[in-house]
Amino acid sequence: MSKTLVVVESPAKAKTIKKYLGSGYEVLASKGHIKDLPKRMGIDVENGFLESYEVIEAKAKVLQDLKAEAKKADVVLLATDPDREGEAIAWHIAEELERPKLEMKRVEFEEITKKGVERGLDNPRALDTHLYDAQRARRVLDRIVGYDVSALVWQKLAFGLSAGRVQSVALRLIVNREREIEAFIPEEYWNIGATLKGKAPERVLARLNKLDGQKAEVKNGEQAAAIKEDLATATFRVANVTQREQRRQAPAPYTTSKLQQDATSHLRFSAKRTMSVAQRLYEGIDLKKDGGLVGLITYMRTDSVRVSQDAVTEARAHIAAKFGENFVPAKPNVFKSRKDAQEAHEAIRPTSLELTPELVAKYLTDEQFKLYKLVWDRFIASQMTQAVYDQTGVDIDATPTRKNKAHQVIQLRASGKVLKFAGWLEQYHRGSSETQREFAGEDETAGTDAPKAEAQGKVPAEDEEGLLPELKQGEALTLVNPPGVLAEQKFTQPPPRYNEGSLVRELEKRGIGRPSTYAEIISKVQARDYVERLPGGQMKATELGKRIVDGLVGTQLDFMDPSFTAKMEEELDEVEHGKLDRTALLGRFYKRFREVLETAKKQQRWTPEPEPTEFNCEECGSQLNKRWSKNGWFLGCSAYPKCKYTKDLGKDGATPAVVRETDIKCDKCTRPMVIKTGRYGEFLSCSGYPECKNARPVPLGVPCPKCGGDLVEVRSKKRGGRSFYGCVTYPQCDFKSWQKPVNEPCPDCGNPYLVIGGGKNPKLMCPKGKECGYSRPLDTEGGDLDAAAPNGADATQARARAERNDDALEAQPPF
């Protein structure tokens, strides 16, 4: 009896697929790539950019098992992921398993279901040379740039730094945004509105629209005061009432980038976390029936909004049964993908509408359920009818009556919008949480914020539209006191810093990267010390990041130009489609790259010159200079290298840091420890430095709940620089928490400490979560942050870090 070996990438996927195949099949996992370039360059530039791939040491046992099983098989089906990386893995496996009379075929599974597996087995193909060449070209480009440009950065800035082909461009976007923020000059403006009443009992809040027929622009308080006085004495009359119907189209099903953006915005997932959870949903979840594992979503790396006809038919039937025929459009909704979309795979959707989120919830983790619900709602909504609103606009003429009036006629405007027919919004409204309704962006009566603004003494923003009372043209209105006329001072705001979702959106907009690379690009940018992750997830360029970008841009290396990188992505796509030869692309790039690189090597260093200060060296009396290193600014003796005295700078960046004494003894030499300020804030250092170089984090003053030792804040190198809290005795004690512990027992359950959580609305809460349920708003002005500050540390630092991302992620402490 013939036997077939099926090779996939992950063990979970192998387990799911195995249950759909008969006894004549064996399914093994390669666990990702089995071969890679060596640590050295590994590319023969002179011989067609030929790579020297080697078996990854950790995959030797995996490859041994694959070879052993392949010897028993007549056919090998290479079922790695359906993308460039999957094709490369398939090629490398084929190279290692190849033998006479062994038939090898490539199969693709768009979804890990019985139907999806059968469809893949029914449509085998040969390995795709062009697809593999595109992956090879990308890998070679990344290796050449990574090796040679990192060496340049070492030479010009500091040893140990690195630079990559695509992540350096992403870093440039972050640095450019930071520069925009730094250069931004706020401009004053005023919002002015009036609370009015006509024949109807309800009030209407109208905002300033025009002054004497011209668009109103109120730039200062004097102008605002004059308008406010005019309105306070004015007569009001309805000049015009317009009504129209507004329709809102259903959204397209998810692509990779849009899923990452929404998961960041609404679930507070990182791009990497989103893809990890989506991968698990794609590979299979154990539903404890029919043999267990079932893939819940289609392949999650896609730039297409295309959906199969079977899926559309199933969705329309589901919508008709759940919501009624009037929620099903006459024709299926069809969406256009981006111009540069590959269209290799369907949009991300549920594999079966029989597996509702409510049905499978008990088999999913919390994060799996949230992401599955996100995909489910989006797909169902994409095939529903438009949402319909009745929108009303009312123009109101105000005629000032005071003698010294500043204006003859002032026009106010009020807007109202009422949901007439929910259409696709019904998928989000019916039985959904507040977070789910955020995805729809609307409530039943859009604009409940308008009366809320009035209650708070604020003028509603232009997009805050509430339900208006019935008003007729020519109707007289009166000013309602209080609140009467409202005038609110405002200032223009700088553009926001990128978070992971908005950076993915910008990368996609510029054509930089592809669905399979967005998460990796962002992870690498944050893994370096070039970006600081702020509370709320925004990414701020560090001084080091700015210097690397400035230096690389100054070399005029092509890859630092976002448009060049986007063009390179298009050329890689051409290689994939067989329209461009791999070596032609690489040869053209390398020739220009080497010319510019050699010129760049002759340029001066990118570090700033030392700046003299008013301070003197404590060891030799020479003047201290303000110097820069990859760890930031510091004070160093001008007599260097004869005298190597250095001193940290304080928080102001201009004066020496103040060293504070503690009663903590050094565990290496027993001398007192002192608190110093370093690159990442305050830390404990031995007072005997430099003879004793012992240093460790400042204790939080909260005992470890597992062993009683001190808890400290630790910066995770594997989580984009985010901090977590662990025991100082690690690895003897492995306690860790992503939420900041506070030395205060829970008043409800007696847990020995509370934690700071809540994201944008910080609060103190019990770490036991729903088991206890205690929480209260964080007192950012009082004692809560003093309790949260490390022993001897400044509470203002705790205040600055109070708003933390409280995702409960598993971490590996890098002590």
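The accessible surface of the protein comes to about 38900 Å², and carbon and sulfur atoms account for 48% of that area. The model described here is predicted. Of the 815 residues in the protein, 50% are buried. The chain forms 22 helices and 36 strands. Contacts between residues at least 6 apart in sequence were also examined, and 65% of them join residues at least 24 apart.

The strands are considered next, sheet by sheet. Strands of a sheet pair through backbone hydrogen bonds, and the pairing is either parallel or antiparallel. An open sheet with parallel pairing contains four strands, arranged in the order β2-β1-β7-β8. Its edges are formed by β2 (25-29) and β8 (103-106), each of which pairs on one side only. From one strand to the next, the twist of this sheet averages 20°. Within the sheet, β7 (residues 75-78) is joined to β8 by four bridges in the parallel sense. Val76 has Met104 of β8 opposite to it.

Helix α2 (residues 60-70) lies across β1 (4-8), β2 and β7.

Strand β9 (residues 188-197) and strand β10 (residues 203-211) run antiparallel and are joined by five bridges. In this pair, Lys197 stands opposite Arg203 of β10. The two strands form a hairpin, with five residues between them. Strand β10 also pairs with β16 (residues 410-421), in the antiparallel sense and over four bridges. Here Leu211 is placed opposite Ile410 of β16.

A further partner of β10 is strand β11 (residues 214-215), which runs antiparallel to β10 and is joined to it by two bridges. The bridge partner of Lys210 in β11 is Lys215. Strands β10 and β11 form a hairpin with two residues between them. In the turn of this hairpin, Asp212 has a positive phi of about 50°.

Two packed helices are described by the angle between their axes and the distance between the axes. Helix α19 covers residues 562-576 and helix α20 covers residues 582-601; the two pack at an angle of about 160°, and their axes are 9 Å apart. Because angles over 145 degrees count as roughly antiparallel, α19 is roughly antiparallel to α20. On the side of α19, the contact is made by Phe564, Met568, Glu571, Leu572 and Val575. On the side of α20, Arg582, Leu585, Arg588 and Phe589 take part. The residues of this contact comprise six nonpolar and three charged residues, with no polar ones.

Strand β21 (residues 611-616) pairs with strand β22 (residues 623-629) in the antiparallel sense, over three bridges. Glu611 stands opposite Lys626 of β22. Ser629 has Gly632 as its bridge partner in β23.

Another open sheet consists of four strands with antiparallel pairing, in the order β25-β26-β27-β28. The edge strands of this sheet are β25 (660-665) and β28 (695-696), and each pairs on one side only. Strands β26 (residues 672-678) and β27 (residues 681-686) are paired in the antiparallel sense over six bridges. In this pair, Thr677 stands opposite Glu682 of β27.

Methods:
Residues are numbered from 1 along each chain as its sequence is written. This is a predicted model: local features need pLDDT of at least 70, side-chain atom pairs count only at pLDDT 80 or more; totals for chains, interfaces and linings use all residues. Side-chain values use heavy atoms; hydrogens and water are left out. Buried means under 20% relative accessible area, exposed over 50%, partly exposed in between (1.4 Å probe, protein chains only). Contact means heavy atoms within 4.5 Å. Accessible areas come from the Shrake-Rupley method with a 1.4 Å probe; for residues, only the protein chains shown count as cover. Two strands pair if DSSP finds at least two bridges between them. Axes are lines fitted to C-alpha atoms, for helices over the stretch in contact, and angles run from 0 to 180 degrees between N-to-C directions. Angles under 35 degrees count as roughly parallel, over 145 as roughly antiparallel, 65 to 115 as roughly perpendicular and the rest as oblique. Ala, Val, Leu, Ile, Met, Phe, Trp, Tyr, Cys and Pro count as nonpolar, Asp, Glu, Lys and Arg as charged, and the others, Gly among them, as polar.
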